[in-house]
Each structure stands twice: as C-alpha cells, then as structure tokens.
Amino acid sequence: PSRDEAERLRGTLKKCRVRHFRDNGHKILLEDGFDLVTTIKGAGDYRRSRQTDYVLDFLPLSDDELEKAIDRDRLLTFATDPVMLSTLPDGKIVRGLAGLPRAGPVLLVGYHMLMGFELGPLVTGVLRSTGIHIRGLAHPFMFNESSDQLIPDSSNYDLHRIMGAVPVTAVNFYKLLSEKQFVLLYPGGAREALHRKGEEYRLFWPEQSEFVRMASRFGATIIPFGVVGEDDICDMLLDYNDLMKLPFYDILDKKLNEEGLKLRTDSTGEIKNQDMHPVVLTPKMPGRFYFIFGEPIETKGREKEL
C-alpha cells in the first residue's frame with residue numbers, strides 16, 4: 001500500500017517528507033483537484049536557489065489555494081461571524097478595514113489567542129477585503145522536518161507555509177520589511193497561544209518593545225491590534241500543567257522540543273517558555289470574534305527618536 005511504502009522510503013531517503021491524501025488513489029498525479037506545486041510549497045520544499053529562503057522563495061497564492069484556505073476555516077468563520085474594525089489616522093473607529101494602510105512596509109502587532117484560531121479569519125479576511133497579503137512570523141516548529149513524525153497529520157502546517165509564513169528570526173523579519181511586506185508579529189508567541197487555565201486574554205509580552213527599532217529602520221507603519229471572542233468558544237480540559245502529571249508525557253514533551261530552535265532564551269519570566277505542547281479542549285456555544293486594528297503609528301522620519 002502507498003502509505004506503507006512512503007514510510008519505508010522516508011527511512012531510506014535523506015530529506016524525505018511524507019504527505020498523505022486520504023481522498024485520492026494511486027494515480028494521484030492524474031486526478032482533478034490535486035496540485036503538485038501546492039503540495040511542494042506546503043511541504044516547504046520549493047526554493048529558487050541551493051539554500052532555502054522562506055522570504056524570497058514565496059510564490060503568490062493561486063485562486064484555488066486561497067479558496068482552500070478559506071474553506072478550511074469555513075465552519076469556524078460561520079460559527080464566530082468575525083467583525084473587523086479599524087482606526088483612521090484621526091482616531092475614529094470604523095467598521096471595516098479603511099484604517100489599514102494600503103502600502104508597506106507595515107507591521108501588525110497583536111495578541112495571540114488560544115491555539116491561534118484567529119489566524120485563519122484574520123489573514124484570509126484581510127486578503128479578501130483589501131487584497132493585502134499578510135506574512136506571518138511563525139514558530140520554527142512549523143518548519144522542522146522532524147515535527148512531521150510527531151504530529152498525527154504531517155500536513156498540519158502546510159497551509160501556513162502556502163500562505164507565506166516564515167520562521168520567526170531577526171533575519172527573516174529584516175527581509176520581510178526590506179521587501180515592504182505586511183508582517184504579522186505576535187510578541188507573546190507560543191506561550192500566549194498555548195496558555196494555561198485561568199490565563200484567558202492575558203498578555204505574555206517582553207518588557208522592551210524589541211520590534212520598534214527594526215520597524216523604524218525601514219520607516220514601517222506599526223498597527224497594534226487585538227481580538228476577543230476566541231477564549232469564549234471552548235473550555236480547556238487539560239493544559240500543560242495537567243499534561244505533565246500524566247505518566248510518560250515528559251518523554252513526548254522532550255521529543256517535541258529537543259530539536260527545535262529555542263526562542264526567547266535571553267528573556268525572563270513566563271515569556272521565555274516558548275516550547276510547543278498540545279492542549280485538550282472541549283467546545284461550547286461559540287461567541288463572536290471581534291478584531292480591532294488600532295491607530296497607525298508612523299515611524300518614518302522618527303528613526304532617532306525610536
């Protein structure tokens with residue numbers, strides 16, 4: 001069978017990644033609805049030169065890829081019916097995205113909600129409404145080949161790569177701004193997205209606004225934003241503290257994080273805990289998502305001040 005053969009080949013070939021398509025047959029390359037380029041992009045294996053460059057290797061979305069991205073979050077979007085509000089330069093809050101700049105570089109800085117469920121409605125919602133494609137700075141775990149073998153579905157993070165996410169590093173941040181992109185940054189990172197019980201809507205941000213200096217170097221416009229509603233659609237049954245009490249979970253926890261790039265190593269307090277781990281959730285009657293984009297903060301011409 002194809003899946004068994006794929007697993008055998010993964011153990012034999014170097015730099016081999018497996019993608020499983022449950023609804024397709026052995027002649028998958030001849031079937032409608034399958035796009036080989038999308039699969040290569042999703043696995044993170046497309047590159048323009050010998051070395052992978054997640055910023056410059058990015059290929060714009062095709063219409064089919066955008067529709068699939070929207071379709072993946074269709075149920076969530078239907079249940080939460082997101083509302084987007086933005087702030088005009090004069091401070092007036094309006095419904096819609098009229099307050100967002102239309103040209104980069106722009107840095108969107110926000111709060112990461114539980115499991116990052118707000119990402120899909122945010123990125124596709126902005127893209128459909130304005131044509132602005134947001135490039136996210138994401139946890140390196142999503143790009144680590146060894147993580148494919150640790151999660152139930154190896155293609156779980158493919159859509160993030162197709163949508164243009166890049167590993168969060170200073171170099172990638174620099175490149176995106178230099179390319180005048182719209183960059184999405186969550187200072188709280190994984191610690192915020194995988195928060196514990198009783199930490200709903202709590203910020204885990206560094207004491208210093210470390211991104212301001214980089215943004216001002218390129219004269220980028222900073223847009224702070226917030227979201228409410230996500231912590232109202234589910235209850236947390238097991239958080240990290242609960243999982244660590246389970247027999248043998250510490251072995252999995254070590255495996256999940258042993259090969260990943262360590263983030264926030266020079267930070268103190270909870271912000272330095274950027275390890276990846278699962279959480280167990282139970283759904284409840286959904287609330288509505290509300291996004292609000294704050295007043296644009298201009299850095300152009302203020303480099304010395306900032």
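1. Of the contacts in the protein chain with a separation of 6 or more, 78% are accounted for by residues 24 or more positions apart, where contact means heavy atoms within 4.5 Å. The model is predicted, so local features need pLDDT of at least 70 and side-chain atom pairs count only at pLDDT 80 or more, while totals for chains, interfaces and linings use all residues. Residues are numbered from 1 along each chain as its sequence is written, and side-chain values use heavy atoms, with hydrogens and water left out.

2. On overall form, the C-alpha trace of the protein chain spans about 65 × 45 × 40 Å along its principal axes. The radius of gyration is 20 Å, which agrees with the value near 19 Å that a compact globule of 306 residues would have; this radius is taken over C-alpha atoms, and the globule rule is 2.2 Å times the number of residues to the power 0.38.

3. The protein chain holds eleven helices and eleven strands, these being DSSP runs numbered from the N terminus (helices H or I with at least four residues, strands E with at least two). Buried residues make up 46% of the 306 residues, where buried means under 20% relative accessible area, exposed over 50% and partly exposed in between, with a 1.4 Å probe and protein chains only. The protein chain exposes about 17300 Å², of which carbon and sulfur atoms supply 54%; accessible areas come from the Shrake-Rupley method with a 1.4 Å probe, and for residues only the protein chains shown count as cover.

4. A cavity is a set of points on a 1 Å grid over the protein atoms alone where a 1.4 Å probe fits but cannot get out, whereas a pocket is an open set with protein on both sides within 12 Å along at least five of seven lines, and lining residues have an atom within 4 Å of a point. Grid points are joined across faces, edges and corners, and a volume is the space filled by probe spheres set on the points.

5. The largest cavity contains about 170 Å³ of space. Its lining is made of 17 residues, and those nearest the centre are Lys 41, Tyr 54, Asp 57, Phe 58 and Arg 161. The elements that give two or more residues to this lining are α2 and α6 (158–162). By class, the lining of the largest cavity has eight nonpolar, three polar and six charged residues, with Ala, Val, Leu, Ile, Met, Phe, Trp, Tyr, Cys and Pro counted as nonpolar, Asp, Glu, Lys and Arg as charged, and the others, Gly among them, as polar.

6. The second largest pocket holds about 620 Å³ of space. Among its 22 lining residues, Ala 6, Arg 19, His 20, Phe 21 and Ile 28 lie nearest the centre. Two or more lining residues come from each of α1 (2–12) and α2 (36–42), and α1 gives the most, with four residues. Eleven nonpolar, six polar and five charged residues form this lining.

7. Some backbone details deserve a check. The peptide bond from Gly 104 to Pro 105 is cis, with omega near 5°, and Pro 105 sits in the loop between β2 (93–95) and β3 (106–110).

8. Met 115, although not a glycine, has a positive phi of about 65°; Met 115 lies in the loop between β3 and α5 (119–130) and counts as partly exposed because its relative accessibility is 37%. Tyr 201, also not a glycine, has a positive phi of about 65°; Tyr 201 is found in the loop between α8 (189–193) and α9 (211–217), and its 33% relative accessibility means that Tyr 201 counts as partly exposed.
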